[in-house]
Amino acid sequence: MSFIQSLTNAWQRNDSLLCIGLDPDPARFPASFKGNSDKIFEFCRAIVDASATYACAFKPQIAYFAAHRAEAQLEQLIAYIHTEYPGLPVILDAKRGDIGSTAQQYAHEAFTRYQADAVTVNPYMGFDSIEPYLAHQDKGVIVLCRTSNPGGSELQFLNSNGRPLYQIVAEYASQKWNTNGQIGLVVGATFPHEISTVRKMVGDMPLLIPGIGAQGGDIAATVKAGRTEQGLGMLINSSRAILYASNGSDFAAAASQAARETRDAINLYRRPSPLN
Ligand SMILES: O=C(O)c1cc(=O)[nH]c(=O)n1[C@@H]1O[C@H](COP(=O)(O)O)[C@@H](O)[C@H]1O
C-alpha cells in the first residue's frame, strides 16, 4: 500500500491528524533510563505503545539516533512499529539534500535500510536532488517549504519574481514535481498565515506541520489554516511535549494522556462550524 493510502486510512481509523515525533534524548529520559543511549529503543517503544492509538503517524528524527550510534535501534524501532501497528506510517525525518547520485544512496538508506514509509527532504538543490526518492513509487517524499524555525524566514521569505521563495517551492512541488502523487510539504505551525497560503496553492496535498507543543504554535489557528474540505490533509507533529510530558516513572502514561489531549484539541477544529 502506498504512503498516501496508509496515511488516509490512519487519519480515518484513529480519527487523528496527530503525528508523534520520536526525538529520543537520553539526557531527558526518566531516572531509570537517564543518560543511557542503549535504552533508546526501549524508551521509544514505551512511548509508541502508549500513544499509537492517538496517532496518524510516527516521525523518528534520525539525528537523535545517529548522534548516539543508535542506528540499529532506529531500525529496530521502525520494524517494531510496522509489526505491532500495521498500517501506521513511519516518516523518517532526515531532511537530506544532495546531488542525484548521492540522493540515490540517501533514498536507499531511508526506504531500504530503515524501511520508512516517507522521508523529509530539503529542496534547495532542485529537482534532480529529489527525483531519486520519487523512484520509490509507493513512498512519500515530504519537501521542506516554510519551516517552523524563526531563521527559516531569512531565505524562505526572499522575494523571487514578486513572491516569497517558499511559495515557489509549493508551486514546483505541487505542479511540476508531483507526477505520481507522492509529495507532501512541511509548513510550520508557527506560521498559520503561510499554512493557509500553501493550502490554497496545493489542493489536498498532505502537509506535515511541526511546531505545536514545545515551539508554541497555536493548534486552533494551525488546523483552521490547513484543513481540507474533508477535515484531513495534515500531519500535525508534536515531539518533546509528548515524549517528555513527565520525566518520572509515569512517563508513558503521561505521554499517552498528552497524545490523547493533543489529538482531541486538533479535532475540535477539523471541520468548519459556526463556532470556528
Ligand atoms: O521536518 C520536520 O519534521 C521539521 C520541520 C520544521 O520546520 N520544524 C521542525 O521542528 N521539524 C522537526 O519536528 C520536530 C519538532 O519537535 P518539537 O518541537 O519537540 O515538537 C523536530 O524533530 C524537528 O526536527
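This is a predicted model: local features need pLDDT of at least 70, side-chain atom pairs count only at pLDDT 80 or more; totals for chains, interfaces and linings use all residues.

**Helix pairs, sheet and ligand**

The angle I looked up for H2 and helix H12 (residues 251-267) is about 45 degrees, and their axes lie 8 Å apart.

Next I checked the hand, and H2 passes H12 in a right-handed crossing. Which residues of H2 and H12 meet? On the H2 side I listed Ala46, Ile47, Ala50 and Ser51, and on the H12 side Ala252, Ala253, Ala255, Ser256 and Ala259. Sorting the residues of this H2 and H12 contact by type, I counted seven nonpolar, two polar and no charged.

**H2 again, now with H4**

I stayed with H2 (residues 40-51) and turned to helix H4 (residues 71-84): their axes come within 9 Å and cross at roughly 25 degrees. That angle is under 35 degrees, so I noted H2 and H4 as roughly parallel to each other. The crossing of H2 and H4 is right-handed.

For the contact itself, H2 supplies Ile40, Phe41, Cys44, Arg45 and Val48. From H4 I wrote down Gln73, Gln76, Leu77, Tyr80 and Ile81. By type, the residues where H2 touches H4 come to seven nonpolar, two polar and one charged.

**H8 and H9**

My next pair was helix H8 (residues 165-177) with H9, which pack at an angle of about 30 degrees with axes 9 Å apart. With the limit at 35 degrees, that makes H8 roughly parallel to H9. Is the crossing of H8 and H9 left-handed or right-handed? I found that H8 passes H9 in a right-handed crossing.

Here Tyr166, Gln167, Ala170, Glu171 and Ser174 of H8 meet Glu194, Thr197, Val198, Met201 and Val202 of H9. I sorted the residues of the H8 and H9 contact into five nonpolar, three polar and two charged.

**The sheet**

Then I followed the strands. In what order do the eight strands of the open sheet run? I read them off as E2-E1-E10-E9-E8-E5-E4-E3, with parallel pairing. At the edges I found strand E2 (57-60) and strand E3 (91-96), and each of these pairs on one side only. From one strand to the next, the twist averages 30 degrees.

I zoomed in on one pairing: strand E1 (residues 18-22) runs parallel to strand E10 (residues 234-238), and three bridges join them. In that pair, Ile20 stands opposite Ser238 in E10.

**The ligand**

My last stop was the ligand. How many residues surround the ligand, and which are the closest? I found 21 around it, with Thr147, Ser148, Pro210, Ser239 and Arg240 the closest. The elements that give two or more residues to this shell are E3, E10 and helix H11 (240-243). By type, the shell around the ligand divides into four nonpolar, 13 polar and four charged residues.

Methods: Residues are numbered from 1 along each chain as its sequence is written. Two strands pair if DSSP finds at least two bridges between them. Helices (H or I, at least four residues) and strands (E, at least two) are DSSP runs, numbered from the N terminus. Axes are lines fitted to C-alpha atoms, for helices over the stretch in contact, and angles run from 0 to 180 degrees between N-to-C directions. A residue is near a molecule or strand if its C-beta atom, placed from the backbone, lies within 6 Å of it. Ala, Val, Leu, Ile, Met, Phe, Trp, Tyr, Cys and Pro count as nonpolar, Asp, Glu, Lys and Arg as charged, and the others, Gly among them, as polar. Angles under 35 degrees count as roughly parallel, over 145 as roughly antiparallel, 65 to 115 as roughly perpendicular and the rest as oblique. A crossing is left-handed if the near helix is turned anticlockwise from the far one by less than a right angle, and right-handed if clockwise. Two residues are in contact if their C-beta atoms, placed from the backbone, lie within 7 Å.
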